[in-house]
Amino acid sequence: MTERVYNFSPGPAVLPLPVLEEAQRDLVALPDAGMSILEISHRSPWFKEIHEQAEANLRDLLKIPEQYKVLFLQGGANLQFSMIAMNLLRGSKQSADYILTGSWGKKAIKEAEREGTVNIAWSGESDNFKRVPKQDQLQLNPDAAYAHFTSNETIQGVEFQTEPDTSGVPLICDASSDILSRPIPIDNYSLIYAGAQKNAGPSGVTLVILREDLLERISVDLHSMLDYRVHCDKNSTFNTPPVFPIYTISLVTKWLMEDIGGLEKMEAVNRAKAQLLYDVIDESEGFYIGHADPDSRSLMNVTWVLKDDSLLPTFIEEAKQQNLYELKGHRSVGGFRASIYNAMPMEGVQCLRDFMVEFQKRCG
Ligand code: PMP
């Protein structure tokens, strides 16, 4: 077998090894079907079962109540930036609140502004997106059509510890980079969406969990592919769904349930992994400088810079010699980003921690 490295990519990202091994087997022939998972029809009983299993697992893990629909769509989280505003803001007299904590939220706002009036309820931009707001800093409009936030900003590595309270205004969340990393109270949300390629599966499918009453608010005539009502009516099979990504979600969620033991357990592991890296940063006496303020730190994307930026290429090169890959930060933040999603094993994070400590001893 090809040797695997520790892959700290922000997404598409590391997947659990047992998932890859099962997919490898099913790539030639699914048991019972005698056909590859890549070859089966989306109308076949085999896919129907996989689809139902993926949904059932998500409902079980996230405790999704019955009045919520679970959709598997395409077009990435980027298309959701548009669909949300098209379905819920277009033609409306109301405005929409957006809480801006990083690069992805900014893109969501850009698309929403094409459809209606956006009120920025809080922005961390002047601070280079180092933190999330406190509840009393939000300037929310009680008459807004909805309020949108990004639970974890993947580029900056800032994450909400709990969702904002919007006092009854429908809450919408881009949870692309922290869905399934911890339990969340779904009841507090009207719509949650997430590109799968970080914590849920490969790229090519976007999860949308939405409360059914939201559909009644859609009054505009939309192209079918852009209309949530159509996807709900057709149970995500209005067009050919992404069979392989949905299949992989069914395996990742099974792994979360059976191997990990659910989202509380997953959260505990994620906290322990993140703590290892934040401790190195905090104990480095300024050799490593964390990007996010401590109370806004992400459990999924740990971002930091070096006091002496000229050491960056050496760090990246030497890290590779320890099997530590994809650590370069996004150009807008600089420095480093270690994406330590659910499937990154503790050993990978320990290996990175040891390397960071040793690198500082040599170069600090
Ligand atoms: N939102 C967040 C928080 C993301 O991390 C990403 C992708 N990195 C996106 C949106 C965009 O997702 P996609 O590429 O699937 O459209």
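Among contacts in the protein between residues at least 6 apart in sequence, 67% join residues at least 24 apart. A contact here means heavy atoms within 4.5 Å. The structure is a predicted model, in which local features need pLDDT of at least 70, side-chain atom pairs count only at pLDDT 80 or more, and totals for chains, interfaces and linings use all residues. Residues are numbered from 1 along each chain as its sequence is written, and side-chain values use heavy atoms, with hydrogens and water left out.

The overall dimensions come next. The C-alpha atoms fill a box of roughly 60 × 55 × 30 Å, taken along the principal axes. The radius of gyration is 21 Å, which agrees with the value near 21 Å for a compact globule of 364 residues. This radius is taken over C-alpha atoms, and the globule rule is 2.2 Å times the number of residues to the power 0.38. The protein has nine helices and 14 strands. Both are DSSP runs, numbered from the N terminus: helices are H or I with at least four residues, strands are E with at least two.

Of the 364 residues, 55% are buried. Buried means under 20% relative accessible area, exposed means over 50%, and partly exposed lies in between (1.4 Å probe, protein chains only). The accessible surface comes to about 16,000 Å², and 48% of it belongs to carbon and sulfur atoms. Accessible areas come from the Shrake-Rupley method with a 1.4 Å probe; for residues, only the protein chains shown count as cover. There are 35 positive and 50 negative side chains, and the centres of the two sets lie 3 Å apart. Lys and Arg count as positive, Asp and Glu as negative; His and the chain ends are not counted. Each charge is placed at NZ of Lys, CZ of Arg, CG of Asp or CD of Glu.

Aromatic rings were then examined. Rings of Phe, Tyr and Trp (its six-membered ring) pair if their centres lie within 6.5 Å; planes under 30 degrees apart count as stacked, over 60 as edge-to-face and the rest as tilted. The count by this rule is 14 aromatic pairs. In one of them, the ring centres of F149 and F160 are 4.8 Å apart and the planes stand at 75°, so the pair is edge-to-face. F149 sits in strand β5 (residues 147–150), while F160 sits 11 residues away in the loop between β7 (158–159) and β8 (171–174). F149 is buried at 1% relative accessibility, and F160 is buried at 5%.

Y288 and F315 make another edge-to-face pair, with 6.4 Å centre to centre and 85° between the planes. This pair links distant parts of the chain: Y288 in strand β11 (residues 288–290) and F315 in helix α8 (residues 312–321), 27 residues apart. Y288 is buried at 2% relative accessibility, and F315 at 0%. Both residues belong to one aromatic cluster, formed by F287, Y288, W304, F315, F336, F355 and F359.

Most residues other than glycine have a negative phi, and most peptide bonds are trans. K63 has a positive phi near 50°. It lies in the loop between α2 (45–62) and β2, and is exposed at 59% relative accessible area. L180 also has a positive phi, about 70°. L180 lies in the loop between β8 and β9 (191–195), but is buried at 1%. A cis peptide bond joins G11 and P12, with omega about -5°. P12 falls in the loop between β1 (6–7) and α1 (17–28).
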